[in-house]
Amino acid sequence: MAFEPPQRLVRALGETAPEGDAWLEQLREAAGRAVALRELTVERVQVPGGRSSLVLLVRRADGTPAVLKLAPPRARPEAERAALAHWGGRGAVQLLEADAGEGPGAGACAGAGAGAGAGALLLERLHPDVSVRSLPEAKALLEAAGTLRRLWVEPPADFAFETVAARTGRQAEAMRASAERDPEVAPLVAEALGAREALVADAPEARLLHGTFRQSKVLAGERMPWLAVGPDPVVGECAFDLARLVRDRVEDLIASPSGAATTRRRVKRLAESLDVDQERLRGWTLFRAVESGVRARRVGRGRDAELLLEFAGWL
């Protein structure tokens, strides 16, 4: 079958692709190769899918349902593989291959690494159309937070994950450059950068973090009610991971007359429920919201930028 990438993926990768990147052009061939090497049968492409990977619903040779995920190198698929292996299915989707070279056709699969197929992950099949967002808001936050707590473990010694300080340092450079070109966002950027500097200078004990956690990253499963998917793992303090969850359903918060008060209560409630310092959570929520808003503004997603920067102003 043809492995046509969803338009959502095409648009998102188009915003971030470095010059000369050919991953999308190689994707159809790479997907076909990854499927053949693992002796999989493809049921369908998951649509609308994510913003950084192609997700195929497949069946293994024995009929077991699974998911084949292909991601470009800049999405750090090997870090995702290492994190999922370390979690071992505890709170997260189960990795079905320990490395890219396992399974039928292992040697050829490993040798395909230079192309788009290098980032292929074979995963446990969850219910892709049922996320924790389907629950009422209060219940969704509770279930999502409980799932996130299970992921906060000591990082493995055999893989060098990116740190929160390094990742946010790169983001801070891009934010400064955007503020120079766009004075309208400069005050919020300055506040966010100041918060980051203080947080990084006095960070608590580091844990392995999901990195991009939100309600839509928690899917219904069979062996556990809810499991996390799609990590962009990083090592650092737990408040950084929780910060993205604070702004979930931001469009609803902005539309509500009590959105600002609700946001502040959410920070307090999440911090208390997961034993995270409330001020550190507020600081990382501010930084991550401003970073996302400035980035959205830079690539022309004006509505997203407006929502995120208004939300950040409440913090």
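Arg249 sits in the loop between α8 (238–246) and α9 (250–255), where helices (H or I, at least four residues) and strands (E, at least two) are DSSP runs numbered from the N terminus. Its phi is near 60 degrees, a positive value in a residue other than glycine. Arg249 is also buried, at 12% relative accessible area; buried here means under 20%, exposed over 50% and partly exposed in between, with a 1.4 Å probe and protein chains only.

A word on the model: it is predicted, so local features need pLDDT of at least 70 and side-chain atom pairs count only at pLDDT 80 or more, while totals for chains, interfaces and linings use all residues. Residues are numbered from 1 along each chain as its sequence is written, and side-chain values use heavy atoms, leaving out hydrogens and water.

- Glu39, in the loop between α2 (23–37) and β1, has a positive phi near 55 degrees and is not a glycine.
- With 47% relative accessibility, Glu39 counts as partly exposed.
- The peptide bond from Val47 to Pro48 is cis, its omega being near 10 degrees.
- Pro48 belongs to the loop between β1 (41–45) and β2 (54–59).

**Overall build**
- The protein has twelve helices and nine strands.
- Its radius of gyration is 20 Å, which agrees with the value near 20 Å for a compact globule of 315 residues; the radius is taken over C-alpha atoms, and the globule rule is 2.2 Å times the number of residues to the power 0.38.
- Along the principal axes, the C-alpha atoms fill a box of roughly 55 × 40 × 40 Å.
- Of the contacts with a separation of 6 or more, 74% join residues 24 or more positions apart (contact means heavy atoms within 4.5 Å).

**Inside the protein**
- Of the 315 residues, 53% count as buried.
- The largest nonpolar core has 76 residues, and those with the most contacts inside it are Leu242, Leu281, Val290 and Phe311. Such a core is a set of buried Ala, Val, Leu, Ile, Met, Phe, Trp, Tyr and Cys residues joined through side-chain atoms within 4.5 Å.
- Leaving aside neighbours within four places in sequence, Leu281 is in contact with residues including Ala239, Leu242, Val246, Val267 and Leu270.
- A second, separate core of 21 residues includes Leu9, Leu13, Leu27 and Leu56.

- The protein exposes about 14,000 Å², with carbon and sulfur atoms supplying 52% of it (Shrake-Rupley method, 1.4 Å probe; for residues, only the protein chains shown count as cover).
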